[in-house]
Amino acid sequence: MSRYTLGLDYGSDSVRALLVDVATGEEIATNMVNYPRWAQGLYCEPSKDQFRQHPQDYIDSLEQVVNGLWSQAPAGAADKVIGMAFDTTGSTPVAINNEGTPLALTPEFEHNPNAMFVLWKDHTAVKEAAEITAAATNNDVNYLAYMGGIYSSEWYFAKALHVFRQDRAVKAATYTWVEHCDWITALMCGTTHPRQLELGRCATGHKMMWNEAWGGFPPNDFFTSIDPLLDGVIDKLNAATQPSDQVAGKLTAEWAERLGLPQGIVVGFGAFDCHMGAVAANVRPGVLTKVMGTSTCDITVTSKEQLGDTCVRGICGQVDGSVIPQMIGLEAGQSAFGDLYAWFKNLLAWPLKQQTGLSGEEQALLEKIEDKMLVDLSRAAASLPVTEKDVTALDWVNGRRTPDADQTVAMALTGLKMGTDAPKFFKALVEATAFGARAITERFRDEGVPIESVVVIGGISKKSEYVMQTCADVWNCPIDVLESEQSCALGAAIMAAVAAGAHSDVASAQKVMASPVCQQYQPNPERVAVYDALYKKYQALGAYVDGGAV
């Protein structure tokens, strides 16, 4: 009889469910549901870099996406599920009370954005991140040594501290904070109470300063030295973290009924989406896995012997077991990739959105024009020659995640002339995102982590041949595109299969369940040299914009 696992992937806009056969790797069915409050733009203020998501969105969407999955799956498929696991965006933490309930799920804080999940792209905590970096740098023990040396405003403690400073009512009601991937996992297991709450290795190691070198988390007095408002947050967290192939608990009767699943099936420890995507991509030493969407998240692994005592500068952490057990997982990424293209499209489409009093036919035409903008721009940009005199742009429209996190830096362009039309402008933006990605691979190589090829997953890898070919030319290495449309959810399903005992270890599960490659891009030798020259202009522009730190 067939046996299945269920991977749940919480992205920035939606949650996706994927049902996978553990014996063959066949993807049986998939479903996707958008977050209703997020889709309305509630609780967000982009002009202030504030992006919050309501926990009820996560709950409602989970029920819809899983129950909707059964209408697409073969009859009786739900009864054959033996395990499930989650991946989410990160760092996306929330304040919880002493019962383990996110504050926004209580009547007092139902509509308070500070009581909701602080989405990864929320950059309101720039000041707090700088204070944490300074405290760690000047401490006897640098608790950021294995996190690239710089704390980011996208991460757990900076966000917690910022919210506490902004909202004393939330501070008074908060027991501690928890990441989305750990909370949703605990919710399924009935273990959200802080006395029962267990945490995954991924979020704690890459965003919360957990490391075996200092026996878990930094001590409470480190955080109180930054601000007494952080007093006790860390002491209320379980430092016995676990990799994602381990069992977090069993599905409760309540959630089994709500999701149409068998009670008591295994729930694996949660992780961030990019880490699970790397599992589905058969990540291995020398290969960089890139999840390419609104932003990018880059994952590679290396052995402890290969890395030695190196602490890679300016990345998002190196953590034992955060991706593959017994290997060091390394994370980097860009704060904007597809978001940069979307920004340009919205810029061009602004007049279209201001039109009122249109007939249904006229409105449909405008929507069709807007929908085709990036397709038409890509086609036109692909036909342009590449020269060393082309417009050069930075990709920092949403700050810089890596290398060397700094959310205060901004995008810039150089070389604009009266002859710069929309396709030439768009070409510069695409090249900027490719240059930003190249800076990451070069940092890894400079620090002794070999990157020989790249595997990409995510929407952009399937939607734009122009973007992918540009990346191959700029990076001067082959790029493999995964076949699976839901690679992050697939990675979660693979980990669930190991946790449920269907496979003895992750490597065995990957041999059967990991996604094959559907397409490969090779660099165009004629463009490589030109892009080398343009990349130097990108570096020079970056140095000018932020005082030399690129």
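Trainee: In this predicted model, is Asp57 buried or exposed?

Mentor: The model is a predicted one, and its relative accessible area for Asp57 is 1%. Because a residue counts as buried when this value is under 20%, Asp57 is buried.

Trainee: Which residue forms a salt bridge with Asp57, and where does that partner lie?

Mentor: The closest N and O atoms of the salt bridge are 2.8 Å apart, and the partner of Asp57 is Arg37. The pair links distant parts of the chain, 20 residues apart, with Asp57 in helix 2 (residues 55-69) and Arg37 in helix 1 (residues 36-39). Arg37 itself is partly exposed, at a relative accessible area of 22%. The partner asked for is therefore Arg37, and its place is helix 1.

Trainee: How many residues apart are Arg165 and Asp227, which form a salt bridge?

Mentor: Their closest N and O atoms are 3.0 Å apart. Arg165 belongs to helix 4 (residues 156-166), whereas Asp227 is found in the loop between helix 8 (220-226) and strand 9 (247-250), and this separates the two in the chain by 62 residues.

Trainee: Which helix holds both Asp376 and Arg379?

Mentor: Asp376 and Arg379 form a salt bridge whose closest N and O atoms are 3.0 Å apart. Asp376 counts as partly exposed at 32% relative accessibility, while Arg379 counts as exposed at 55%. The two are three residues apart, about one turn of the helix, and both lie in helix 13.

Trainee: How many aromatic pairs does a search of the whole structure find, and is the pair of Tyr143 and Trp214 stacked or edge-to-face?

Mentor: The search of the whole structure finds 25 aromatic pairs. For Tyr143 and Trp214, the ring centres are 5.1 Å apart and the planes stand at 90°, so this pair is edge-to-face.

Trainee: How many residues apart in sequence are the parts that this pair of Tyr143 and Trp214 ties together?

Mentor: Tyr143 is in the loop between helix 3 (126-137) and helix 4, and Trp214 is in the loop between helix 7 (201-207) and helix 8. Both Tyr143 and Trp214 are buried. Because of where the two residues lie, the parts tied together are apart in sequence by 71 residues.

Trainee: What is the angle between the ring planes of Phe344 and Phe425?

Mentor: Phe344 lies in helix 12 (residues 338-353) and Phe425 in helix 14 (residues 422-446), so the pair ties together parts that are 81 residues apart in sequence. Both Phe344 and Phe425 are buried. Their rings are stacked, with 4.9 Å from centre to centre, and the angle between the planes is 10°.

Definitions and conventions: Residues numbered from 1 in each chain as written. Predicted model: local features only at pLDDT ≥ 70, side-chain atom pairs only at ≥ 80, totals over all residues. Heavy atoms only, no water. Salt bridge = Lys/Arg side-chain N within 4 Å of Asp/Glu carboxyl O. Helix = DSSP H or I, 4+ residues; strand = E, 2+ residues; numbered from the N terminus. Buried < 20%, exposed > 50% of the residue type's maximum accessible area, 1.4 Å probe, protein only. Phe/Tyr/Trp six-rings, centres within 6.5 Å; stacked < 30°, edge-to-face > 60°.
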